[in-house]
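Let's take a walk through this structure together, one place at a time. Have the sequence and the 3D view ready as you read.

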2 protein chains.
Amino acid sequence: MKTEKPPVRKLDVCLTPELLHLYDLEDRIVVVLDVLRATSTMTVALAYGAEKIIPVATVEECHRYKKLGFPVAAEYLGKTIDGFEYGNSPFEFMSEKIKGKTLIIKTTNGTEAIQKSKASSMVIIGSFLNMKAIVKFLRSEKNDVLLFCAGWKGKFNLEDTVCAGAITSELLYDYIIENDSTLAAYHLYNLAKNDMKEFLKNSSHFRRLGNLDIEKDVEFCLKKNIYNVIPVLERDYLIDINRIPEIESLLKG
Amino acid sequence: MKTEKPPVRKLDVCLTPELLHLYDLEDRIVVVLDVLRATSTMTVALAYGAEKIIPVATVEECHRYKKLGFPVAAEYLGKTIDGFEYGNSPFEFMSEKIKGKTLIIKTTNGTEAIQKSKASSMVIIGSFLNMKAIVKFLRSEKNDVLLFCAGWKGKFNLEDTVCAGAITSELLYDYIIENDSTLAAYHLYNLAKNDMKEFLKNSSHFRRLGNLDIEKDVEFCLKKNIYNVIPVLERDYLIDINRIPEIESLLKG
């Protein structure tokens, strides 16, 4: 008789970058979540054919890359910074213009979270938009996983936690789940799932974004499973993991 | 026509000691929550007549106080350390023996949280057991409030967060609530409230304590509104806030 083996991989949720030092990153796959809007926007950009994304933290870096001729997305407090081509709205990247390009994206919480994750065995970028692809990929891997919420200025935020809970809910039988932050994320997702917009309406980021009249962006970022891309960090840039064989064969010529 | 004034005081929840530096403690009342079992046990001890509690962090301090003749509660990994009178079970302190005594209690997460809170205007100790008294007291105060979860080794835990949510649910109309950790705590409490033991059954601390056969302690610590004491930090010790006038008049006496 064949019996199913119990899972041996662990799944954890880190609620903010200020807690990351409490987790051992070695041999872990870290999934960075900054769903409103950095990691959602990055997912869209790769899905629309951008070849690479270089996430940066400062406006100075943006200026440097702009001088070198790169298309730059630079946002501050939800608005495009004067002099740059793109802001942080996913809709700006649904365009032929970015195809094959290396895109520079400045984000505050997202870039910090990506930088801090580099000690892990692999950093990937998650969002509701590519959740199913992420889940499928993680099921095929052997390493432990850390779902890493970028939060807001070091503090906990609801939308990233709910996204971590959504991913957790798909992996309940594939991973050992034994810490309270993962349970909390899972419970909060279950509360939110039937009407995420309504659930997040009172959240702090939602209110901040509400003031900027970008409800359309928020609604879009909460949609599930639109894209199959999985942005993965290679040195300092993100590429779609599905394109790695193609790129490698191009390099070999 | 008389209209009700909107609240101007803020209520925040800090989910772990590792996030406390993100909060401005000045002019805040900090309520430390370490419900399984440190702050519950402290509440019981003061309710049963202990005059003061000195929370300490190390076994060395416990030995020093023991030599000086103080009754000492020293627990490690849920068990009483050899050579000391008390452990960390609330039932040990339901005794005439502690009446009028200064009690030394060693806790790991609780003591750390208390030490870190000292920059605030007032540190009080909360638990489910004295929740109603805490709520009534906070309603009468003008300062902002931080419900501070002691967590587990710096990480988020469910039981302290659910207690913060329970206190929040009583203060929704008295305080401005505008951060996501407070909303999350409130939501988690609402999920938990009808059967807290069942809700916490899968939590990490519950499982750790379950191995120690102290289910009776856990069940007791989840009971609401048993005692009216409010432990408040005065220099290095905790006393019941209700007894301050009595003690002051004795001192003047």
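This is a predicted model: local features need pLDDT of at least 70, side-chain atom pairs count only at pLDDT 80 or more; totals for chains, interfaces and linings use all residues.

A cis peptide bond, with omega about 5°, links A:Leu36 to A:Arg37. In chain B, B:Leu36 and B:Arg37 are also joined by a cis peptide bond, and there omega is about 0°. B:Arg37 sits in the loop between strand 2 (28–33) and helix 1 (38–47) of chain B. These bonds deserve a second look because most peptide bonds are trans.

Most residues other than glycine have a negative phi. A:Lys153 is exposed, because 12 other C-beta atoms lie within 10 Å, and 12 or fewer is the cut-off for that class. In chain B, B:Lys153 likewise has a phi near 50° and is exposed, with 12 other C-beta atoms within 10 Å.

Now turn to the interior. Is A:Leu25 buried or exposed? A:Leu25 counts as buried because it has 20 C-beta neighbours inside 10 Å. This residue belongs to the loop between strand 1 (11–14) and strand 2 (28–33) of chain A. Beyond its neighbours within four places in sequence, A:Leu25 contacts A:Val30, A:Ser117, A:Ala119 and A:Ser120. A:Ala119 is 94 residues away in sequence, yet the two C-alpha atoms are 6.0 Å apart.

Helix 3 of chain A (residues 109–116) is largely enclosed by the rest of the structure, because seven of its eight residues are buried. Among them are A:Gly110, A:Glu112 and A:Ile114. Their cover includes helix 1 (38–47), strand 3 (52–56) and strand 7 (122–126) of chain A.

Finally, step back to see both chains. Their contact takes 23 residues from chain A and 23 residues from chain B. On the chain A side, helix 6 gives the largest share, seven residues, and that side divides into nine nonpolar, ten polar and four charged residues. The same surface serves both copies, as 100% of the contact residues of chain A recur in chain B.

Methods: Residues are numbered from 1 along each chain as its sequence is written. Chains are lettered from A and ligands numbered from 1 in the order in which they are written. Two residues are in contact if their C-beta atoms, placed from the backbone, lie within 7 Å. Helices (H or I, at least four residues) and strands (E, at least two) are DSSP runs, numbered from the N terminus. Ala, Val, Leu, Ile, Met, Phe, Trp, Tyr, Cys and Pro count as nonpolar, Asp, Glu, Lys and Arg as charged, and the others, Gly among them, as polar.
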